[in-house]
Amino acid sequence: MNRLVDRRLSGKNRSAVNRQRFLRRFKAQIRRAAAEAVSGRKVADLERGERISIPAKDLSEPVFHHGPGGRRNLVLPGNREFVSGDRIDRPEDGGAGKGSGGSPDGEGMDEFVFELTKEEFMDYFFQDLALPDLVKKQLAAAPEVKKARAGFVSQGNPSSLHVVRSMKQAIGRRMAMAAGPRDALREAEAALEQLVAQGLGASVEADELRDEIEALKARIAAVPFIDTWDLRYAHRVDQPTPSSQAVMFCLLDVSGSMDVGRKNIAKRFFMLLYLFLTRSYERIDLVFIRHHTVAREVDEEEFFASRESGGTVVSSALELMHEIILERYPSASWNIYAAQASDGDNWDNDSPRCRELLLQNILPLTQYYAYVEIEAEEPQSLWHEYERVKAASPRFAMQRILTLEDIYPVFRELFRKKVA
Amino acid sequence: METEMESAAPPDARRQPLSEGSEWTFELLDVYDREIARVAALYGLDTYPSQIEVITSEQMIDAYSSVGMPVGYHHWSYGKQFLATQKSYQRGQMGLAYEIVINSSPCIAYLMEENTMTMQALVIAHAAYGHNSFFKGNYLFRTWTDAEGILDYLVFARNFIADCEQRHGEAAVEELLDSCHALMNLGVDRYKRPARLSMAKEQARQAEREAYLQSQVNDLWRTLPAKQAAGQTKLATRFPSEPQENLLYFIEKNAPRLEPWQREIVRIVRKIAQYFYPQRQTQVMNEGWATFWHYTLLNHLYQEGKLTDGFMMEFLQSHTNVVYQPPYNSRFYSGINPYALGFGMFRDLRRICERPTEEDRRWFPDLAGSDWVKSLDFAMRNFKDESFVAQYLSPRLIRDMKLFALVDDDQDDKLEVKAIHDDAGYRTVRQLLADQYNLGNREPNIQVYAVDIFGDRSLTLRHYMHDRRPLGESTPEMLRHVARLWGYPVRIESVDQNGVSQQLATSEA
């Protein structure tokens, strides 16, 4: 009468649609939470899921319920010291067993916490940056692979049929299959020759031999020239292409005017370039250089942490970068990328020097150099000098940024090259 | 507590356990199921055929977040439930329920593949025999739900709502469902017996109903003036003529601006609320009954020598956890554990039948010494939590659980202990505990009071106060939901014990 059913293999993601609906309905809140999560992450640490927490009151499902007040009776278990008629002070938190309506989930928490998958999290990240779909796809996809030869197999599609191998195979098979009949044929022919030599060429035996010879020849002829199991196909396997290494320089102005908001935009800018590089290179080094009037190589925490007062000399950072390249990253074996973020301030006399440094020392060594000016007021000398650099080199990109959506155009060239 | 029932006799010396290890296989599941069925038949448990499905933990989370319904329409709130369950499961904050079972025929019970053989046997006994027989026997389920029709109806509901999403957009449907879900608890008939559900009938009648309903509504909201007779009729045509308890039903039939498909969705939510209504009224009995039977059935098998000692150790540990009742001042206290109370009561009933004391004879003259199987069966069939507690909670169990009653009155600066587990208090404690399970006391009593059909078409709801308890802070938001469905302004008033009403809130449509 009872039935046992094994359901383990039938669809497990029955709640996927409902989950998507939930995410869509609370898009704004989740997006805000995801943006906060991005600020808390390291540049190189983008590709994992995230715990998102949004205020529980935003997503409550209300019902009519009783509020506090009035008279209520409670029956509780585990009495130890009370006798009837005892009068007890109200507990601070409103009394044992209270909170009848409160939270309909029975979850008395102020925050609703859940996990976003890596893909969903990346999606929110991309949305902020207004990336075109094609680029998103390119970034979100697994690293590209190249087909590599890996011997021969007996099954495959016609386009990868290997003719020489197949013919070799066929020759071998034909020889093997015809070997027996050939021996028999040779014997029969020898016997017939003997009979003929003895002058018995017209005898019954000779006729029988001739029939046999005919039959054997037919059998040999019937061995197919080529057969399906002779076919050999070239076998190819996927090999991930990124095989080279890259270094990414992050240059950040930390003078007084770079506040937390600007730094956050800068961080996204670095993240996006990093993400792009992870798609193309197996190994990526990050170098963080912060500068005001002097430049210093620092680790990531310090990079985004404090800011310092005082003027700005951009060339100090460029010089340091050049030194580091010469010292540690010979351009023959490293692909060099650089991203520079600043609010546009520079010491006036320094800007022409920056242009020279870029054009003569740095750009010839690098693949791509991206510069953003974050929430800058009027373009200043640095911007004008950089415009001349841009005109002179296709590897240089620059952009003024007010919001996160402005970041992507800096990389447009970079991504277009890959897409094409 | 003593273990008076089975532990007395040592297990059969010629023991031949069904299995030794903790691994389960489909063959073993089948063997255990047959054995449990055999023993259940000895006790006369009457069940629907059951379908025992083995699923993974992910599938269990899925099942969990759709209240166990094997088929459900899509809504974000189920997604929220899913995320919450998934999170706490992944962080190890909670184990998943070992089983989910719903009252359908066949009765579907889920087993998780991760469980040991012992747990699978426990779940089979608990769900496929305990709950199953309760669903089939209890009068509330018999009158309010149709176990054979529900799966079909859920399929119909899912398809209909998916269809509406196609035609009218997901946003419109979602909004409507939000409002309906908010009113779900007020969408049940408490006294009237509902018609049976079935997909064929539903579909056939749906088109007919659409046309008919719209014509009815149109008539009620006729805009042509009927001036001549207005003088007399105005007083006579109070609408509705009597207050209505079922808000969703009233809205489905009378809301002036709903489209036919919207009425159908209101109806679907209402029907599903109605289907789950008995579940909410019999939690203690249902869980108590299922727990009592897994305990009894597995102990019986142990007596026959079919279960190993290791099996029993694991089983008892898990059983003990389920029926643990933390005291009121414990960190783990979150209300009275329905498993503990229900199991305690059924076990106590059996004791009263088999070994009554002097006290039991005074309190339960009819029960003491009667055939326990018959007495328990009668109790299971004819009660709900409220009446079950009022009828059967014994002084012995009140003492064992050390129950006491508190009065929390906002006009008094202290809490008062009204009664405890002593001779003077048994009846009071029992009555108050029974009241605690009365849904009518737990949820605010809100009814449709009047519609201004000749004026601004506004709807007035009345909240009839019980013990001066006011409505909570969600009221304005709830009114917005009602107004979204009604289409015109909605007001709510509270009526206190003296019949004085007080306007609480208004919401424009």
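**Loop residues, sheet, cores and interface**

I start with B:Asp467, which counts as partly exposed because it has 14 C-beta neighbours inside 10 Å. For the terms: a residue is buried if 20 or more other C-beta atoms lie within 10 Å of its own, exposed if 12 or fewer, and partly exposed in between, with C-beta atoms placed from the backbone. B:Asp467 is in the loop between strand E7 (459-464) and helix H21 (475-486) of chain B. Its phi is near 55°, a positive value in a residue other than glycine. B:Arg468 lies in the loop between E7 and H21 of chain B, and has a positive phi of about 60° although it is not a glycine. With 15 C-beta neighbours inside 10 Å, B:Arg468 counts as partly exposed.

This is a predicted model: local features need pLDDT of at least 70, side-chain atom pairs count only at pLDDT 80 or more, and totals for chains, interfaces and linings use all residues. Residues are numbered from 1 along each chain as its sequence is written, and chains are lettered from A and ligands numbered from 1 in the order in which they are written.

On confidence, pLDDT is the predictor's confidence in each residue, from 0 to 100. Chain A averages 80, and 87% of its residues score at least 70. Helices (H or I, at least four residues) and strands (E, at least two) are DSSP runs, numbered from the N terminus. Over residues 94-108 of chain A, pLDDT stays under 50.

Next, the sheet. Strands pair if DSSP finds at least two bridges between them. Four strands form an open, mixed sheet in the order E1(A)-E1(B)-E3(B)-E2(B). Strand E1 (3-6) of chain A and strand E2 (101-102) of chain B are at the edges with a single partner strand each, so one side of each is left without a neighbour in the sheet. E1(A) runs parallel to strand E1 (residues 50-55) of chain B, joined by four bridges, and A:Asp6 stands opposite B:Val54. In the loop between E2 and E3 of chain B we find B:Pro106, and the peptide bond from B:Ser105 to B:Pro106 is cis, with omega near 0°.

Which residues touch the most other members of the largest nonpolar core? They are B:Ala109, B:Leu298 and B:Val429, in a core of 157 residues. Such a core is a set of buried Ala, Val, Leu, Ile, Met, Phe, Trp, Tyr and Cys residues joined through C-beta atoms within 7 Å. Helix H4 (residues 117-137) of chain B gives the largest share, twelve residues. A second, separate core has 58 residues, including A:Leu273 and A:Val389.

Last, the interface. Two residues are in contact if their C-beta atoms, placed from the backbone, lie within 7 Å. By that criterion, 78 residues of chain B are in contact with 53 residues of chain A. Helix H3 (residues 76-90) of chain B supplies the largest share of chain B's side, nine residues.
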